[in-house]
Amino acid sequence: MGYPHKPHEKETVILSEYFGDAEARSYDGWVKRGGYKALKASLEMQPAEVVEIVKSSGLRGRGGAGFPTGVKWSFMPKEKSKPHYLCCNADEAEPGTFKDREIMRWTPHALIEGCAIAQYAIQAEITYIYIRGEFTEPLRIMQAALDDAYGNGVLGDNAMGSGRRLDMYIHRGAGAYICGEETALMNSIEGQRGNPRIRPPFPAASGVFGMPTTINNVETLAAVPHIINRGPEWYKSLSLNNEKSCGTKLFSVSGHVQRPGNYEVTMGFPLGELINDLCGGMRQGRTLKACIPGGSSVPILNREETESCLLDYEGCVEMGTMLGSGGVIVFDDSADMVYQTMRLARFYAHESCAQCTQCREGTGWTVRILERILAGQGEPKDLDLLLDLADQMTGKTICVLSDSCAAVVISTIKRFRNEFEAYMAGTREPGVVAAGVG
Amino acid sequence: MADQALVTLTIEGVEVSVPKGTTILEAAKQAGVLIPHYCYHPGLPIAGVCRMCLIEVEGTPKLQIGCATEVAQGQVVKVFGDEALKARESVLEFLLINHPLDCPICDQAGECELQNYVFQEGRSNTRYAEYAKRFSPVEDFGADVLYVPNRCILCTRCVRFMEHVAEEPVLNVSERGDRAFIGIHPDATLDHEWAGNVVDLCPVGSLISKDFLHKARAWELDRTPSVCTGCSQGCNINLDTRSDVVVRIRPRPNPEVNRHFICDTGRMHYRWMNRGDRIEAPLISRGGELQATDWDHALSEAARLVSGSGGRAVVLISPNASNEAMFLAKRLVAQFTATLAFRVERVDGEIPLSGVPGLALRAERAANVAGATALGYRDDFDAAVQAIEGASLVIVVADDLEGVSREALQKAVNAVYIGTILPDAARGAALVLPVANTAEEDGTLVNRDGRVQRYLQAKSAPGMARPVWWVLGEVLKELGRGESLFSADEAFALMAEAEGSFRGLSYANLGMHGRTMSEARVSV
């Protein structure tokens, strides 16, 4: 990862090569490190050629859904009848995920370059980089880099001397997790309340300001210049498990490990190795109990599953979870899984946009049941109730916030049912839980 | 419509063909199936948030929302499949965990969509074992609207109405999660002329009318289709009566006139219907004093006054009188050189409902100016009043005679006042005939677009008061110029026969949405 530790020998350092290297933040420093060559090369191609390269590289969205990026770009209308937009989703707020933050802090020009290439490929006039409101430092650095890029003719009315106009703006969010959902993000850019929109219409048909829009994650876009520079075949070859998952991925590891932080590994890297070797294993005298591999919204894994999970889209699905955004949250044997579940449910209850009934009411109800269980007042039938609510909160709403809350509940009860039952049986001391949501 | 592509699908076993682009929810209505819903309203942009209209579409793994899913050729939709029913039962359960079960004291009870659907598809018990429901105090949104946040189900109909239809976005959803509530701009009140519609739009008892508060339970009300007489727009309304008293006016949907909405002026325009100071018996002048008499006597006296005179006649009629009344009054004076006149209150400017083209509270504050004009009445009241002097017959129908003196009518020996209340000037008439008001009779009105629309009797007329068409029909019969009329329908048929503007129209073909005079001409 390069910062604050030296990269581990098992890492494949591509996106994170210059993490910790302050000079890389400046325009000159970035150019010295080979920056903006990919953009220049792209501007000399036809947009469709760029799309084709990214398509054949096998790059998939790093925000959580894993949709093939080139395919997404190809959904944009070929015949332009309206302005096109690119949105860069830098509203990184998934609990346990902090990779985009580091990309923006250390390599802002990598993101700007990736955005500019994507913008050209989808024939967009404007890119909005939507940065999470709490990211004050990344915002400052990104804004400085953007000004620098304009100042050096990378952007503006004659981008890199191509005669094309490329404009890019930074839009700062106001602290709502839901604004990381792509349609809520677009509402937020428009100045509306950050509520997810019903689909169809899909963003490629009607996105921001009702115009064709593509929206990509920071890490996805930051990978694009490397693909242009080194070719799609090179990128495709970076795969340890399943050829449908390729390239490198940044994993943000937090929790009870010796060395939490961001680690960049090739797709298919074993989760157990990430925890035990790269992160130095568990805290002194503690053992691994559970792990959420892809940010709080994906199902939790127990120890055995964690140790045999391969970190790519297919490997995670095999274990009954998802790669998500790559936020790896590690729990040791001191963790109270009922409390952890309640704490995550509270997060979702706090962040629900309040549109869909199941989510607005279901997340809050789930929290209250979990609080009751933690207070030693749960009843055996509460687990069935929690599971039934979770079932009704899955697949029935506009976005997947409700599903995420349900996934936490379902997967934890499935793997750690005994901990819930201990509270109900009175064999575990009731916890003191501060009231309230959040 | 014929050239519009049709899509055929099956909903609950019923095959329907609907235009491409129709939503499943609307198509289901045509199949005779009402898909339960809260946030969807045909007069508002689609939100898709309540998730109540979840249905099964064959071949689609997830449940779909009927309000936002377009029909597709060959689609098979199940509204009452187990999975959909379970999902909707669950939505109802979620809605109820924070909804106070205060139906016994809630104004909406009996016409509450939450109550109805819970009875229809909800659980009979609760699994919500937590202590308290969300509580927030009642808030005054200003004008006629109170907000009871505890009952709110966040369907956002009110927010969308103010934003997209009234185009005065003063409401929003404030806060998030289950702390969310409908917020109002701190400097705003719901005093927009059309804001009262949010009360009708609210599917539960969260937005309620101060005017209607505690007046009646929904099941005590009788609803009668009518037409608003507040202005020349002719909005379709329902008169809600309880024990022969009009207690509320609500819009009656008519896509051609007012969609689903009425203005607040119209909404509050009903107290006159319940006036207690009515003329309850025919009155005849004896020695300068009006004395009560019976209809037989009054009608023969009326016939005498009409037949006994010759020369010039003046008819002053209210522009809110029915076409039937206007037509029969005109027929009554057919043998005279007649001056037919009305007067109408006009204010400065219209107050449009921005999101609905062609809908406004009109400057012309009367309902039947177009009808009066089509029947030959002129908007020249002053000239008509001048003409009273020297006229051998004066007939006044429901005008309040403001600005006219008692002496003016006294001087005209043969003056007949036909009305609901007795203004001072009318005491100068030789004969006073008590009639029903708009809420008490059947009739038709013509709006500013030439649309002839029916209204129905909502309450009984006081005492001996009768509809104008009946009264004038009887006078004509006394004169040997017609038969007794038994319904407004018959009076209308006479008019359609005699008056070119109404040719081809009948109560049967007017229906309850009306027809324009030009449509009638085309079809004749």
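**Exercise 1.** What is the area buried between chain A and chain B, and what percentage do carbon and sulfur atoms give?

*Solution.* The model is predicted, with local features needing pLDDT of at least 70 and side-chain atom pairs pLDDT 80 or more, whereas totals for chains, interfaces and linings use all residues. Residues are numbered from 1 along each chain as its sequence is written, chains are lettered from A, and side-chain values use heavy atoms, without hydrogens and water.

Step 1. Buried area is the accessible area (1.4 Å probe) that two parts lose on being put together, summed over both. Here it is about 2,800 Å², and carbon and sulfur atoms give 51% of it.

Step 2. On the side of chain A, the residues losing the most area to chain B are A:Arg360, A:Glu361 and A:Trp365, together 21% of what that side buries.

Step 3. By contact (heavy atoms within 4.5 Å), 34 residues of chain A meet 37 residues of chain B.

**Exercise 2.** How many salt bridges are counted between chain A and chain B?

*Solution.* Step 1. The criterion is a side-chain nitrogen of Lys or Arg within 4 Å of a carboxyl oxygen of Asp or Glu.

Step 2. The count is six; among them, B:Arg127 and A:Asp388 are joined at 2.8 Å, N to O.

**Exercise 3.** In what order do the four strands of the open sheet in chain A stand?

*Solution.* Step 1. Strands are DSSP runs (E, at least two residues), numbered from the N terminus, and two of them pair if DSSP finds at least two bridges between them.

Step 2. The order is β3-β2-β1-β4, with parallel pairing. β3 (167–172) and β4 (213–217) of chain A each have a single partner strand, so one side of each lacks a neighbour in the sheet.

Step 3. Within chain A, β1 (residues 85–90) and β2 (residues 126–131) pair over six bridges.
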